[in-house]
Amino acid sequence: MLTSTISWPFEAFAKPGCSQQFWREIQKVLYIILDKFETRYSRVYILLNELLSKPEPTKDDLKNLRLNVPNSFVAISYFFERLSFPGWIDKLRDKDFFKSPPEPEVDTDTGRILFRQWPQSRYLARMASQEPAKVLDIALEILETGTKNAFVHEDLAEAALAMPPALAARWVEQEIEWLKEQDYLYFRLPEKFGKLIVYLGNNHQLDAAIRLVRELLNVQPNPQSNGLLLGIRKRCDDYPYKKILTEYIPKLVTVAANETFQLLCNLLNDTIVFSQIPRQAGTFEDYSYNWYPSFESNQPNVPYDVRNFLATAVWETIEQIARNPPEQLSPLLQVIDGYHWRIFHRIRLNLLRRFPNQFPDMIAQALADKPRLNESILYCHEYALLLRERFADIGSEVQETILSWIAEGPTNQLEVCEEDRTGYVKQWQRDRLGILSGSLSSEWQLQYEQLVTELGSPAPLEAVRGTGVWQGPTSPKSAEELSFMTISELFDFLREWEPSGRLFTPSRAGLSMELSKTIAQNPEFFVSEIEQFKEVDLQYRGGFLNGLTHALSTHGQRQAFSWLQPLEFCAWILTQKSEILGSRDQVTDWHQGWNYICDEVVTLIKSGLQPIGVNEIPIEFCNLVWTILEQLTDDHSVTPGFEAHYRYSNATNAEAAVNTVRGKAMHAVFQYALWINRHTKADKNLEEQAELSFDKIPEVREVFERHLNPAHDPSVTIRSVYGAWFPQLINLDSNWTTRNLNRIFPRDEVFQDLWDAAWEGYITFWYDPNSIIFVILRKEYNHAIEQIGAATPESQNPSRTDEALAAHLPYLYWNGDLELGDSDMLLEKFFAKASGQHHEQFMRQIGEQLRYGNSEVEVDLLQRLKRLWEWRVSQVKNATASNLQALDLRYFSWWFASGKFDSNWAIAQLKDVIRLVKDIDYDDQLLPHLVALAPLMPLSVVECLSLMADELRSEDWSFSYYQEDSGTILLTALQSGDEASHRLAEDLINRLLARGIADFRDLLTNMDN
């Protein structure tokens, strides 16, 4: 609620012994008086404009300012934002106008910290260039208050930028003491400090500038409750932190190079220390090859964090200093050598590499580093680059030393198993000699070329690409390359190619994906070679089936392939279960043997059961299809352990079902039944069609009944499939379905988990319930409503099912299937049990249908909606609904904006909503509809607008955003000829002005003219 913004401390008038009830009554009277004052607020501006015209105030002027101008933000802001004379500074200071900056407040609803602008400090910032000494004295007094208002500190920093440098430095020294106590700097304060750093540095105030940088960029450990250090804490966000380093620090380097460089190195060191998990003493691995892979520009896939920013700043500072006389680089090396983390060693190596003429002896010393030579090239890219570029220049003695180390092989070779050791040593030697290729003697070059012949060429000398994301399995051949092979060449390659087994290298899974693409382009040809797929790896058999599945969707009206051979191939695969499960080689991290190939089988069959014309499986193969599906419905992969894994994830049972062989097969059985039904109907007349039931497909009925038996299949994953297909079960055989309703949705407490699974499958899968299904499942809806909010281990996603239930009920009410006063009281129970969020979903959904539905809303439905609405409002008024549960009323704005209801009734309800819940959802047609009604009922419309100003929260409702529509409503009321409408509109204009919400004074001026 927006109460008066005129700040008078009523509590100060309370006398000891006054009861709270008495004081509350007095407050009501005072607020009424203030409200009356606000309605004449435009007169205050006349007085303020008179005061603003005076270069220096008299005693009477100050008295007027103190006593006749409200102590409200609006009035004070109007005055100080427009005051342009420095002659007021001393007099305002004497009257304590600069003593009490507003402190931050915490919004109890959101937890956000709220800052208010202080017009007085804005005035001081503007006056600093004219009266710097006076402004400095006041600014120091303000700092002594300890204010934490970030806006005030921004203004004072801006004032310091307008002062002479020596005065600015005095303010900065005191501001630094405040800065030390701050955990976080809000808004543009970091940028203001950055500008101050440059200003002070350029004007011989280096000590103050360096101290300010140190505190501004300071990092601290971010302790967690378990005592580990899992990151750092800094005083500003990444963006301003990086901007200070890239925009302001280089300017400081020009006047204080060594001091700035030392400071940056200290910050980088602290950041690494505080970013590390507890480590063994004496180890200095910072893993910088991950977060700072190279010193080249435009590094891809690197973390956007402070370590990266500071490492870049350190290196760019070196480059900046190097543009001056080169002797300035030597002190930088001494600074770098004082740190032991890997990143500093890499910076040192890169400095030697980029400026080799300055440090020839140091380069030889740096390369004669056996531990660094033995490291992975990826971990110290700079050493490898320096070795490649400077090996020829370091002298024969150091060269021979390095080559002797290469001849010895890696120092960790004994850690490699004996059978792999020789190959590992050769590969290591090849990679090091590859770096030196072109600078080697003929003997060493020959040895290198022999290793390349045996092992292949080494990888290019590139940096680690940061924390990039693996894009999935890769293939040794592209689909295009495979398509150019003859069939014999293709199958020879599939049988003979062996992956290396190393991470991120080509794999069978990747080759299978490319093979699938090739097969999808010419499926009939590959079907003719189907026998050869029995002789290749399981991955490639899966790729073959996957290619056929994709061919069904890409060939349109052209027949992709004939079905007999692929179906026989699928049946053959299922006979290989023992072989597949017993073969280690068929199980990989990416696909797990049996599950993988069965998934491809059932996916192909499900696709072929769809009504896709010439590519649909011919009905004469129904027995073969059923043989395959029936075997897959008894797949063992859905186990209690598997379901426990899903129970503690975010996946629903229905989602788990489509990720298992048995679950997919059960879905396919339903599609099989529909496939049989579709073809049976095509061969029967209408009279015979009515007799279709599971009697025609007993094999399906047998599977359904077998898996409904908890003793045979207790899986909640499989039970969810029955719920997902329940409407189709009704269509297939309504008698069987209703007879087995209690088996599909068992009410026995022992089987509550099965009921939950079946209900979840139904309610989350079907978004648009129909009347027939609702009649059959009405008792299940009732049970679901009684279960709202239940969170049991068996029902891992109650919020999803409750949300879906809340989406079903508005449809049912809209269609007349559900009504207030029904014997089972479903609707009343829902509003009694459901959360406020679900209430909101219900009302919003009806509002959306009213606003965006295409069909006409009949009178009967409008009357039913009005009854529903009035019932909900009566609940709130009678306090049978909590505040949180009443927030659904705010969606009446959608109902109102639809324009479907009687205008008098609708606007009365809208006003009730604003009074009751002090909130509305801002439909974009709310104000335009009020504009349309204003000529017909100006008083009611302006009353509604007035309530919005008085009751709605200012952060959610902006008159300035809706200024055009609001202005139209006010002008219509002023011109209506109705005295009450005119008076209320004029009062509202003044109140909006007093509260700083909107300025519509021009409407009053135009009326006067």
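This is a predicted model: local features need pLDDT of at least 70, side-chain atom pairs count only at pLDDT 80 or more; totals for chains, interfaces and linings use all residues.
Which helices do the buried residues of H6 pack against? They pack against helix H4 (73–82), helix H5 (89–94), helix H7 (132–144) and H8.

**A covered helix and a buried serine**

Helix H6 spans residues 119–127 and is mostly covered, with seven of its nine residues buried. Those buried residues are Pro119, Gln120, Ser121, Tyr123, Leu124, Ala125 and Met127.

Is Ser981 buried or exposed? Ser981 is buried, and its relative accessible area is 0%. Leaving aside residues up to four places away in sequence, Ser981 touches Pro938, Leu939, Val942, Ala973 and Ser976.

**Cysteines**

How many disulfides does a search of the whole structure find? The search finds zero. Cys265 counts as buried because its relative accessibility is 0%. Cys944 is buried too, with a relative accessible area of 0%.

**Salt bridges**

Side chains of opposite charge can pair when their charged atoms come close. In this model there are 60 salt bridges. Three of them are set out here.

| Salt bridge | N to O distance |
|---|---|
| Glu158 and Lys192 | 3.0 Å |
| Glu702 and Arg706 | 3.7 Å |
| Glu819 and Arg867 | 3.5 Å |

Let us take them in turn, beginning with the salt bridge between the side chains of Glu158 and Lys192. Glu158 lies in helix H8 (residues 150–162) and Lys192 lies in helix H10 (residues 189–201), so this pair ties together parts that are 34 residues apart in sequence. Glu158 is partly exposed, at a relative accessible area of 29%. Lys192, by contrast, counts as buried because its relative accessibility is 11%, and the cut-off for buried is under 20%.

The next pair sits within a single helix. Glu702 and Arg706 are four residues apart in helix H37 (residues 698–708), so about one helical turn separates them. An α-helix has 3.6 residues a turn, so residues three or four places apart point the same way. Glu702 itself counts as partly exposed, at 47% relative accessibility.

The remaining pair in the table is Glu819 with Arg867, whose closest N and O atoms are 3.5 Å apart. This pair links distant parts of the chain, 48 residues apart: Glu819 is in the loop between helix H44 (798–814) and helix H45 (826–833), while Arg867 is in helix H47 (residues 859–877). Glu819 is buried, with a relative accessible area of 18%. Arg867 is partly exposed, with a relative accessible area of 43%.

Salt bridges can also share partners, and in this way Glu285, Arg342, Asp369, Arg372 and Glu375 are joined into one network.

**Aromatic rings**

A pair of aromatic rings is described by the distance of the centres and the angle of the planes. How many aromatic pairs does the structure hold? The structure holds 52. One of them is formed by Tyr184 and Tyr186, an edge-to-face pair with 4.8 Å from centre to centre and 80° between the planes. Tyr184 counts as partly exposed, at 31% relative accessibility, and Tyr186 is partly exposed with a relative accessible area of 27%.

Phe704 and Tyr722 give another example. Their ring centres are 5.9 Å apart and their planes meet at 65°, so the pair is edge-to-face; the cut-off for that label is over 60 degrees. This pair links distant parts of the chain, with Phe704 in helix H37 and Tyr722 in helix H38 (residues 716–724), 18 residues apart. Both Phe704 and Tyr722 are buried.

Phe726, Phe745, Trp755, Trp759, Tyr762, Phe774 and Tyr781 are linked by ring pairs into a cluster.

**Charges over rings**

Finally, some charged side chains lie over aromatic rings. Lys477 lies over the face of Phe493, at 5.7 Å from the ring centre. Arg864 lies over the face of Tyr813, and there the distance from the ring centre is 4.4 Å.

Technical notes:
Residues are numbered from 1 along each chain as its sequence is written. Side-chain values use heavy atoms; hydrogens and water are left out. A disulfide is a pair of cysteine sulfur atoms within 2.5 Å. Buried means under 20% relative accessible area, exposed over 50%, partly exposed in between (1.4 Å probe, protein chains only). A salt bridge is a side-chain nitrogen of Lys or Arg within 4 Å of a carboxyl oxygen of Asp or Glu. Helices (H or I, at least four residues) and strands (E, at least two) are DSSP runs, numbered from the N terminus. Contact means heavy atoms within 4.5 Å. Rings of Phe, Tyr and Trp (its six-membered ring) pair if their centres lie within 6.5 Å; planes under 30 degrees apart count as stacked, over 60 as edge-to-face and the rest as tilted. A charge sits over a ring if NZ of Lys or CZ of Arg is within 6 Å of the ring centre and within 35 degrees of the ring normal.
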